[in-house]
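This report describes selected features of one protein chain. Please look over the sequence and the structure before reading on.

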Amino acid sequence: MIRRVLPHGMGRGLLTRRPGTRRGGFSLGKVEDHKRVLWFWVVPNLRLCVLQDPKPWPTLAGQWVGLGKGEYLAVVDAPPLDLRFNPSGYLLLASEKDAAAMESNVKVQRQEGAKVSLMSPDQLRNKFPWINTEGVALASYGMEDEGWFDPWCLLQGLRRKVQSLGVLFCQGEVTRFVSSSQRMLTTDDKAVVLKRIHEVHVKMDRSLEYQPVECAIVINAAGAWSAQIAALAGIGEGPPGTLQGTKLPVEPRKRYVYVWHCPQGPGLETPLVADTSGAYFRREGLGSNYLGGRSPTEQEEPDPANLEVDHDFFQDKVWPHLALRVPAFETLKVQSAWAGYYDYNTFDQNGVVGPHPLVVNMYFATGFSGHGLQQAPGVGRAVAEMVLKGRFQTIDLSPFLFTRFYLGEKIQENNII
């Protein structure tokens, strides 16, 4: 039913008006001046960015309000940045139970033009003699335009680019949404309540007062904290099992990254390796250093209340897998480590992109479960197209809409690290 009634979360043509409601309350209209954008950043505090010709704070208003780490939406057409991409390749190892899925995925990649090679254990040993192939049934090796880059460099590059376009960064905390609501009927005569956000209250640093920010569009790109932002807008407050009661299933998950030194380790030709165990590693620079880690199981999930590093996790859960796959890593020595947050989608570990079906002017770009930076350019373009054109154009991301949580339609993906 929801598929027919609220496609893309909008579906205004399939709704009828309840007598006595305010006319015209939910017309989104046309976003004329999309260069004037308001952004918020929520890690760890919320930041406000104002693009071009902002009005003074007392009367600040804008057409887009983005909640979260969503700068990429403003720069989807920016010139490419020199990110020092390392084209060392990407090597994914599969066990017997995952080999069939790997073969299927590679077929799809080849159809799309990717240069990917499937390797048997013998071929893998010949190509990379430092690998122990025990437990490996098949390997997928990306031979062209595959590799890695420094995510911090990319973030800083994007930030500097938008600043060059006139962006102002401020810090604050979103405390409230001011919205209107309207009761409508679906085509099968069921009532739904649509909401539209008109104003965001922002508590600025070193201030006891909030700053009201008027808006026509709200973009929730608040990462690990996006569910809190959604709850502020009333999302998920209805009865369980209903669309109104469907929450945004995104939460912070803590992940560790370790850097170790190993003079006898793999050489400069080493690709980014994802092991059958979930452990991964790559070279870090030219000095026999390596960077890697492993996602914990559900039972091993650490407390996300702080960003303290658990060094025992490396000793007990990461190092044994690394040393089994690369015997030279038996002698590694950890040099440093840090922790960060995934915006973890507990439903299917994939992103949420596009409008909410009932809060009609809130759009999502969140829940990427560790792949947000990789997918940011495409997601930024997709959300911008949905806001400006009312539909996805370049890439159809309809399977990633919020409504899949209500419908129970998971987009499952294996070997996520």
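The model is predicted.

**The sheet**

Eight strands make up an open sheet with mixed pairing, ordered β6-β7-β5-β13-β14-β15-β12-β16. Its edges are β6 (116-119) and β16, each of which pairs on one side only. From one strand to the next, the twist averages 20°.

Within this sheet, β12 (residues 250-261) and β15 (residues 289-294) run antiparallel and are joined by four bridges. H261 has N289 in β15 as its bridge partner.

**R325**

R325 belongs to helix α6 (residues 311-325). With a relative accessibility of 4%, R325 is buried, because the cut-off for buried is under 20%. Leaving out residues up to four places away in sequence, R325 touches L93, W130, I131, N132, T133, E134, V136, D275 and T276. For two of these residues, E134 and T276, a polar atom pair with the side chain of R325 is given in the table below.

**D348**

D348 sits in the loop between β16 (333-345) and β17 (352-355). Its relative accessible area is 0%, so D348 counts as buried. Apart from neighbours within four places in sequence, D348 is in contact with R404, E409, K410, I411 and Q412. One of these, E409, is 61 residues away from D348 in sequence, while the C-alpha atoms of the two are 9.0 Å apart in space. The side chain of D348 also makes a polar contact with the side chain of R404.

| Side chain | Partner | Distance |
|---|---|---|
| R325 | T276, side chain | 3.5 Å |
| D348 | R404, side chain | 2.9 Å |

**Cysteines**

How many disulfides does the model contain? The count is zero.

Notes
Residues are numbered from 1 along each chain as its sequence is written. This is a predicted model: local features need pLDDT of at least 70, side-chain atom pairs count only at pLDDT 80 or more; totals for chains, interfaces and linings use all residues. Side-chain values use heavy atoms; hydrogens and water are left out. Helices (H or I, at least four residues) and strands (E, at least two) are DSSP runs, numbered from the N terminus. Buried means under 20% relative accessible area, exposed over 50%, partly exposed in between (1.4 Å probe, protein chains only). Contact means heavy atoms within 4.5 Å. A polar contact is a pair of N or O atoms within 3.5 Å; within protein, one must be able to donate a hydrogen and the other to accept it, and residues adjacent in sequence count only if both atoms are side-chain atoms. A disulfide is a pair of cysteine sulfur atoms within 2.5 Å. Two strands pair if DSSP finds at least two bridges between them. Axes are lines fitted to C-alpha atoms, for helices over the stretch in contact, and angles run from 0 to 180 degrees between N-to-C directions.
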